[in-house]
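Look at the structure first, then read on.

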Amino acid sequence: MTNTPTAIEFENVTFGYPNQTTRFKIDSPKNAIDIKKWHVDQGRSVFISGESGSGKSTLLNLICGTLVPTSGKISILGQTFSKLSERKRDRFRALHIGVVFQQFNLIPYLTVKQNIEVAAFFGKGRKFAPTSSIINLCSQLNLASELLQKPANQLSVGQQQRVAIARALINQPELLVVDEPTSALDTSARDGFIKLLLACAKQYRFTLLFVSHDLSLANYFDQHLKLAEINHAQEVVE
Ligand code: ADP
């Protein structure tokens, strides 16, 4: 055991979709997630891999509190989610967890600045972030200040990706969750994107979870969690 604070802790967590069935027995429900024990220390970068259908999206939703486990305990940054109402979980997420979605989920008709401001507004104190902090963050992410007034739907994929990171980081989250965003990029752009994320993680000291099925990316990260090894495992995998 280390003395480093824990960012994520799972204990005997199961989650099953109400209408989920196994492939072979139509009437036999099977849990999408069944993890006996898993923890991540704060400040680590973790690569999570798994085949399609192995439970990656479900796991991320449980970590973000958008899904609640059927049984077991999940603690994120020391907060046990099952003790929070849905509203409090939403608030906790807005304050402490940044998410970069696969499709970036920018609001297409809003400008880059407005996209970031909306996230800031729903984060700390319902206030718009000062323009100076948006400009600083964007310049760190190699987004020229001229882009701030451009609608998101006029950006390249690489620019959208960096805006999605800026939006996720504006509230200085302790945990950043990134869902396989690299599929639309070529190899060098993808490597650049991951290096940028890791540099931000080091500078802002957040825990980074990066989900992908592309195993060649695992070497960039401190830890590699193979979902297949801990999900539905009979024994606890340390
Ligand atoms: P991944 O992200 O690794 O592709 P998912 O977490 O989406 O995997 O899915 C894990 C399992 O849960 C799969 O068997 C999938 O079919 C099932 N599943 C996912 N979402 C739903 C849903 N809304 N209803 C029923 N079953 C679902």
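## Contact between α5 and α6

In this predicted model, four residues are named on the α5 side: Gln161, Arg162, Ile165 and Leu169. They meet Phe193, Leu196, Leu197, Cys200 and Tyr204 in α6. By class, the contact holds seven nonpolar residues, one polar and one charged.

## Geometry of the helix pair

Packed helices are described by the angle and the distance between their axes. Helix α5 covers residues 157–169, and helix α6 covers residues 187–204. Their axes come within 11 Å and cross at roughly 15°. Angles under 35 degrees count as roughly parallel, so α5 is roughly parallel to α6. The crossing of α5 past α6 is right-handed.

## The sheet

Five strands build an open sheet with parallel pairing. Their order is β6-β7-β8-β3-β9. From one strand to the next, the twist averages 20°.

Strand β3 (residues 45–49) pairs with β9 in the parallel sense, over four bridges. Serine 49 has lysine 226 in β9 as its bridge partner.

## Helices on the sheet

Helix α1 (residues 56–64) packs on the sheet. Its contacts are with β3, β6, β7 (175–179), β8 (207–211) and β9. The direction of α1 makes about 155° with that of β7.

Helix α6 also packs on the sheet, where it touches β3, β7 and β8. The direction of α6 makes about 160° with that of β8.

Technical notes
Residues are numbered from 1 along each chain as its sequence is written. This is a predicted model: local features need pLDDT of at least 70, side-chain atom pairs count only at pLDDT 80 or more; totals for chains, interfaces and linings use all residues. Side-chain values use heavy atoms; hydrogens and water are left out. Axes are lines fitted to C-alpha atoms, for helices over the stretch in contact, and angles run from 0 to 180 degrees between N-to-C directions. Helices (H or I, at least four residues) and strands (E, at least two) are DSSP runs, numbered from the N terminus. Angles under 35 degrees count as roughly parallel, over 145 as roughly antiparallel, 65 to 115 as roughly perpendicular and the rest as oblique. A crossing is left-handed if the near helix is turned anticlockwise from the far one by less than a right angle, and right-handed if clockwise. Contact means heavy atoms within 4.5 Å. Ala, Val, Leu, Ile, Met, Phe, Trp, Tyr, Cys and Pro count as nonpolar, Asp, Glu, Lys and Arg as charged, and the others, Gly among them, as polar. Two strands pair if DSSP finds at least two bridges between them.
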